[in-house]
Amino acid sequence: MKDSNKLYKFFVYFCFLVFGLSILIPVAWVFMASIKSNPEFYKGPWDLPQGFYYQNFIDAWTGAKMGAYLLNSVIVTASALGILLLVALPAAYVLARMDFKGKSFLKTLMKAGLFINLSYIVIPIFIMVKDWTKAFNNSFLAEIFQSFSLLNNRFVLALIYAATAIPFTVYLLSNFFSSISKSYEEAAYIDGAGYFRTMVDIIIPMAKPAVITVILFNFLSFWNEYILALTLMTNEKMRTLPVGLINLQQAARGAANYGRLYAGLVLVMLPTLILYILVQKQLTEGMMVGGDKG
């Protein structure tokens with residue numbers, strides 16, 4: 001029995017080791033390639049770099065305009081997260097802690113929204129945004145906002161990102177809110193706190209692991225989203241990092257400048273890696289929640 005347990009543990013640890021190496025080795029290789037000059041890269045792609053060739057990052061940041069794309073991604077992602085939390089937190093609180101007519105229908109609607117993939121509705125979204133832009137330009141508002149357009153608009157892109165992430169976010173948060181004892185709310189009501197203050201001062205702080213989990217998951221989704229950003233952001237100045245990275249990849253292949261390409265990859269990966277390192281403990285706690293409470 002002990003031998004079988006040891007064999008099982010060895011197998012589990014071996015699988016974890018293989019899985020970890022399959023992630024760490026490509027990431028480490030990208031970081032090494034990003035600080036190599038072209039002659040070093042062609043001489044030995046797997047050789048350790050002889051120094052830090054920072055010109056790759058300068059070329060990617062300025063020459064390939066990755067700095068401008070990074071700013072666009074930061075603005076869009078931060079705006080989308082702000083809108084999402086502003087809507088999802090109260091919605092999840094109401095669904096989890098209050099009883100009203102139509103509650104079961106709304107919860108079922110949120111669950112149904114989990115099965116809608118953004119990639120499937122890109123074309124309808126584009127047509128809708130284009131038609132709304134045309135209708136706006138034909139209205140009296142066009143005289144006031146002459147240069148306004150729903151296309152190439154970072155706020156519109158952020159709004160669409162937030163709207164498509166609401167079902168998952170509300171579903172996860174409402175299930176976590178449901179697991180919190182109602183005695184905390186009752187004590188707050190006795191002290192004279194209303195629903196809003198109770199949500200902000202008591203429920204949301206207690207749900208910190210779940211909130212951080214949805215922030216990280218949605219951050220990764222918004223930060224790496226490509227298809228919708230490519231469709232709605234036709235202006236080069238409004239492109240986000242994933243779209244700019246594809247253009248950089250095509251240019252790097254044509255110019256055989258792979259160091260600049262991998263420097264661009266590092267610029268895309270670095271924010272997500274830093275964020276994950278900072279919140280990995282809360283993320284692990286948040287992954288334990290979200291089961292269906294019925």
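Predicted model: local features only at pLDDT ≥ 70, side-chain atom pairs only at ≥ 80, totals over all residues.

Colleague: Why is Phe52 called exposed?

Modeller: The relative accessibility of Phe52 is 56%, and since exposed means over 50%, Phe52 counts as exposed.

Colleague: How do you know that the rings of Tyr161 and Phe222 are stacked?

Modeller: The ring centres of Tyr161 and Phe222 are 5.4 Å apart and the planes lie at 5°, so the pair is stacked, given that the limit for the planes is under 30 degrees. This pair links distant parts of the chain, as Tyr161 belongs to helix α7 and Phe222 to helix α10, 61 residues apart. Both Tyr161 and Phe222 are buried.

Colleague: Which residues touch the most other members of the largest nonpolar core?

Modeller: That core has 66 residues, and Met66, Leu157, Tyr161, Leu173, Phe177 and Leu228 touch the most other members. Helix α4, residues 66-97, gives the most to this core, with 14 residues. If residues up to four places away in sequence are not counted, the residues that Met66 touches include Trp61, Leu241, Leu248 and Val268.

Colleague: What makes up the lining of the largest pocket?

Modeller: The largest pocket, with a volume of about 420 Å³, is lined by 20 residues, and Ile116, Leu118, Thr164, Ala165 and Ser221 lie nearest its centre. The lining divides into 13 nonpolar, six polar and one charged. Helices α7 (154-178) and α10 (208-224) each supply at least two residues of the lining, and α7 gives the most, with six residues.

Colleague: How many helices and strands does the chain have?

Modeller: The chain has 13 helices and zero strands. Of its 294 residues, 38% count as buried, where buried means under 20% relative accessible area. Finally, among contacts between residues at least 6 apart in sequence, 72% join residues at least 24 apart.

Notes: Residues numbered from 1 in each chain as written. Heavy atoms only, no water. 1 Å grid on protein atoms, 1.4 Å probe; cavity = no way out; pocket = protein on both sides within 12 Å on 5 of 7 lines; lining within 4 Å. Points joined across faces, edges and corners; volume = space filled by probe spheres on them. Helix = DSSP H or I, 4+ residues; strand = E, 2+ residues; numbered from the N terminus. Nonpolar A, V, L, I, M, F, W, Y, C, P; charged D, E, K, R; others polar. Buried < 20%, exposed > 50% of the residue type's maximum accessible area, 1.4 Å probe, protein only. Phe/Tyr/Trp six-rings, centres within 6.5 Å; stacked < 30°, edge-to-face > 60°. Core = buried A, V, L, I, M, F, W, Y, C linked by side-chain atoms within 4.5 Å. Contact = heavy atoms within 4.5 Å.
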